[in-house]
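Here is a friendly walk through a protein model and the molecule it holds. Please have a look at the structure below, then read on.

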Amino acid sequence: MDTKIRVHRAPKTLITGNGCVAQIGAEAKKLHAKNVLIITDPGVACCGTVESVETPLREAGIEVGIYDKAVPEPPMGSVHEIVDLAKKGKYDLIVGFGGGSAIDVAKVVAVLAPNDDRLEDYVGIDQVPHKGLPFIAVPTTAGTGTEVTAIAIFSNEKLNVKQGVVSPHLIPNIALVDPVLTYSCPPGVTAASGMDALIHNIEAYISVNATMHTDPLAAEGIKLISKSIRTAVFDGGNAWARHNMAIGSLLGGISFGNAGVGAVHAMSYPIGGMFHVPHGIANTLMLPWVMEYNMLACAQFFREIGELMGENMEGLSDREGCEVTLQALRTLAEDLDVPQYLNEVGIPESAIPDLVKGALTQARLWNNNPRKFSADDIEQVYRNMAVKPGTEPVKEKKAPAKK
Ligand SMILES: NC(=O)c1ccc[n+]([C@@H]2O[C@H](COP(=O)([O-])OP(=O)(O)OC[C@H]3O[C@@H](n4cnc5c(N)ncnc54)[C@H](O)[C@@H]3O)[C@@H](O)[C@H]2O)c1
Ligand SMILES: [Fe+2]
């Protein structure tokens, strides 16, 4: 039993279930809102689902403004114009409506709107000095779990890396998790965001900072996602699968939000930052390669992960069980058609030294990981996955132009 002092944080109010988004008007009133800014992105706005938050807010007699141009995998610089808008509009509550990208943008707008601080000064742990405007998170992917975490992730355009703002002031007052909102996610987004959710649960389960509060949640998250992700991707209207994914993602958010994530995220951030590979794809790409290296430090837990995924471990040693889990993860990525090699996402071997440097900057994540990685270890893992056998390496060193 872990005897260290542990802190467990989550939103005050967590509302889940099909159709629960209709309660947003009543919940906003409890927060004394009169004038609400909904922040979303163009991909979500196109689906016509913004009405599902706008209508109940208006019906509750609340004024509503909508900003629908948040940028996916958000660059830091994209936030300033929204903060200006929030200030000018004198909004008293912010709603983040979308995937992790739109919600992360909305989270920092809520803390920046009441003052003249700069987002750049908030990067790192506990750098946000004040409480922000009240904030409600409504996720439309299953996903990042950001609706319950104290984290917001941005691309630093100058350094070409992804950076995190981590502060209890970013935890939403209320999270409304309505699985119906994810039905419009196309298969590619369902696969990438769903794998991110699975990886949050896996990395939280093996984290050295896992606790008795996070372990059962992460275990249930692994179960729910493993048995539903293929159905959610290939039969997007399946209510059972979408519900399991939304709850599995939420459990991942609570577990990793407290236990942390580790080497998979640390090594995928430079892939996202330098080559603009979406977060869920970059994580899925890294997962088996990192776990192949990690598993000897956490063999029992990694074997248990395979069991939670539904693999038969009867009569196997922990070591043998680890191989079964590893193969199950590779098969899952193949089934979902997510690449497994750096050259498949346009990354040349010559970029590896910069990827290593980028990964080493993620100190807060390495501290959670069960096995210590030296710079040489990190380089070796990237080299193991550099070129898919039988395919051509990528020649160009240059990172692709920014979108
Ligand atoms: N704050 C955290 O705790 C945390 C955790 C993990 C990841 N992240 C960050 O979250 C971001 C990724 O978030 P994501 O995986 O949810 O994807 P996303 O928010 O980037 O969305 C991906 C695409 O899907 C579209 N989309 C979203 N919901 C949709 C719906 N219901 N129907 C149709 N299209 C929809 C979006 O418009 C976008 O084009 C990254 O920036 C990542 O670093 C944050
Ligand atoms: Fe993630």
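## Around the ligand

The side chain of T149 places an N or O atom 2.7 Å from an oxygen atom of ligand 1. This is a polar contact, meaning a pair of N or O atoms within 3.5 Å; within protein, one atom must be able to donate a hydrogen and the other to accept it, and residues adjacent in sequence count only if both atoms are side-chain atoms. The backbone takes part as well: an N or O atom of the G100 backbone lies 2.7 Å from an oxygen atom of ligand 1, and a polar backbone atom of V44 is 3.4 Å from an oxygen atom of ligand 1.

In total, 30 residues surround ligand 1 (each with a heavy atom within 4 Å of it). The closest are D41, G100, S101, T141 and T149.

## How to read the model

This is a predicted model, in which local features need pLDDT of at least 70 and side-chain atom pairs count only at pLDDT 80 or more, while totals for chains, interfaces and linings use all residues. Residues are numbered from 1 along each chain as its sequence is written, chains are lettered from A and ligands numbered from 1 in the order in which they are written, and side-chain values use heavy atoms, with hydrogens and water left out.

## Helix 7 and its partners

Helices here are DSSP runs (H or I, at least four residues), numbered from the N terminus. Helix 7 (residues 214-234) packs against helix 8 (residues 239-259) at about 145 degrees, with the axes 7 Å apart. Axes are lines fitted to C-alpha atoms over the stretch in contact, and angles run from 0 to 180 degrees between N-to-C directions. The crossing of helix 7 with helix 8 is left-handed (the near helix is turned anticlockwise from the far one by less than a right angle; clockwise would be right-handed).

The axes of helix 7 and helix 12 (residues 318-335) come within 11 Å and cross at roughly 10 degrees. Helix 7 is therefore roughly parallel to helix 12 (an angle under 35 degrees). Their contact (heavy atoms within 4.5 Å) is made by I229, R230 and F234 of helix 7 and T331, L332 and D335 of helix 12.

## Helices 13 and 15

Helix 13 (residues 352-360) and helix 15 (residues 375-384) have axes that come within 9 Å and cross at roughly 130 degrees.

Helix 13 contributes I352, P353, L355, V356, A359 and L360 to the contact, and helix 15 contributes A375, I378, E379, Y382 and R383.

Technical notes:
Helix = DSSP H or I, 4+ residues; strand = E, 2+ residues; numbered from the N terminus. Parallel < 35°, antiparallel > 145°, perpendicular 65-115°, else oblique.
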